[in-house]
Amino acid sequence: MFSVELTHFISRTLGREDWHCSDLPQGANNQGYKLSAGGKAYFLKRFAPGARALNKLHNEYQFSCQLSAAGITQIARPLNYCPATLSAIYEFIDGQAVEQITQHDISAAYDFIQAINGPNIARAALNEATDSPALLADFVHLITNRLTRFEAHRGNQDLDALLTQIETRTQLISATPGIDWQQACPKDVVSPSDFGFHNALKSAGQMYFIDFEYAGTDSSWKLLCDFFAQPALPVALSYLPQFLQSPLFKTQASEPATLKAIYELTLLKWCLIMLNEFLPDVQMRRAFSWNISCLKEKEAKLQQMQLQQLNKSKRYFEQIDHKIHQLQNLLRDS
């Protein structure tokens, strides 16, 4: 099942050779396994080979080490990682995926963000989060750069129409008067980056947060807007005022017009992320995580996923007007 090198890495890390491995539900880009040895359980994560795989492996492991060293317990404790096999071993969290978000869950997420931005975190040891903007204008550039990646893969009428709608709406937002798009976005927060309840587990009444491949120091604009825009397990905007009361987001609380524009751009960005199944490099990562050997079965699943994601993105785009209207009301009443 595993290469000799990976087998040796596991045995060396666990300090024994009589371990057992069992499959887990696979992630979108990686493989995950449960390792059992001596009455204890561990989590093995294997990254799909690719140009950024080693960076993601190292970044996630390093970020977890810094949080663990600072006494943050709402994460899986890191044990070891192996660049040669693009693998890492963490403490196993015997938890359940979040299915319905409660006020208690929101408070757990809020407390986690406060904790990782506390004085015990060694910020200098962290990398910059992926796609962290230097200027507000970079929120526009993130979308135009993502749109460029689809240029070579156009031809699907429904996909093309949606991409055009996203491009047009982005241009309109970028022309919003009164916003200083050259305003700097300092790396003023520590962020898990892909932060939300889609990357959380509940165990014994405790919420644990996982998946720190893109984590690091980031802009508070990006952290806040991503948290309330991620589509996998959407967080209701009614919880936004609680976050705006935090000193971490005082800039966003004081600039409502800019917050509206950045949030809308973030929603558009997520529309594009949902279409990643149309990009060849993402298709390779999906194939790795599916671990399907039959070529026909793999192609059929890809086509199914592309249709599913396209429909999901279209529905998400259609919800943007409602979300922006809701945000305006919240900002007006707060």
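Q: Two strands pair if DSSP finds at least two bridges between them, and strands (E, at least two residues) and helices (H or I, at least four) are DSSP runs numbered from the N terminus. With that in mind, which residue in β5 is the bridge partner of Cys82?

A: Good place to start! The model is predicted, so local features need pLDDT of at least 70 and side-chain atom pairs count only at pLDDT 80 or more, while totals for chains, interfaces and linings use all residues. Residues are numbered from 1 along each chain as its sequence is written, and side-chain values use heavy atoms, leaving out hydrogens and water. Now to the pairing: strands of a sheet pair through backbone hydrogen bonds, either parallel or antiparallel. Here, Ser87 in β5 is the bridge partner of Cys82. β4 and β5 (residues 87–91) run antiparallel and are joined by 4 bridges.

Q: What is the strand order of the open sheet?

A: The order is β1-β2-β3-β5-β4, which makes 5 strands with antiparallel pairing. β1 (20–23) and β4 (78–82) are the edge strands; each has a single partner, so one side of each lacks a neighbour in the sheet. From one strand to the next, the twist averages 25 degrees.

Q: Which strands does helix α1 touch as it packs on the sheet?

A: Contact is read as heavy atoms within 4.5 Å. Angles run from 0 to 180 degrees between N-to-C directions, with axes fitted to C-alpha atoms, for helices over the stretch in contact. Helix α1 (residues 4–14) touches β2 (30–37), β3, β4 and β5, and its direction makes about 30 degrees with that of β5. Helix α2 lies across β3, β4 and β5, running at about 160 degrees to β4.

Q: How many salt bridges does a search of the whole structure find?

A: Side chains of opposite charge can pair when their charged atoms come close. The criterion is a side-chain nitrogen of Lys or Arg within 4 Å of a carboxyl oxygen of Asp or Glu. The search finds 14. One of them joins Lys45 and Glu213, whose closest N and O atoms are 3.0 Å apart. Lys45 sits in strand β3 (residues 40–47) and Glu213 in the loop between β9 (206–209) and β10 (216–218), 168 residues apart.

Q: Are Lys45 and Glu213 buried or exposed?

A: Buried means under 20% relative accessible area, exposed over 50%, and partly exposed in between (1.4 Å probe, protein chains only). Lys45 has 8% and is buried; Glu213, at 3%, is buried as well.

Q: Where do Asp321 and Arg169 lie?

A: Their side chains meet in a salt bridge with an N to O distance of 2.7 Å. Asp321 belongs to helix α12 (residues 320–333) and Arg169 to helix α5 (residues 157–174), so this pair ties together parts 152 residues apart in sequence. Asp321 is exposed at 52%, whereas Arg169 is buried at 16%.

Q: Which residues do salt bridges that share partners join into one network?

A: Lys45, Lys56, Glu60, Asp211 and Glu213 are linked in this way.

Q: Which residues of helix α3 are buried?

A: They are Asp105, Ile106, Ala108, Ala109, Tyr110, Phe112, Ile113 and Ile116. Their cover includes α2 (53–69), β7 (189–191), β8 (200–203), β9, α6 (220–227) and α7 (240–244). As for length, the expected span of a helix is 1.5 Å times one less than its number of residues. With 14 residues, α3 reaches 20 Å from its first C-alpha to its last, close to the expected 20 Å.
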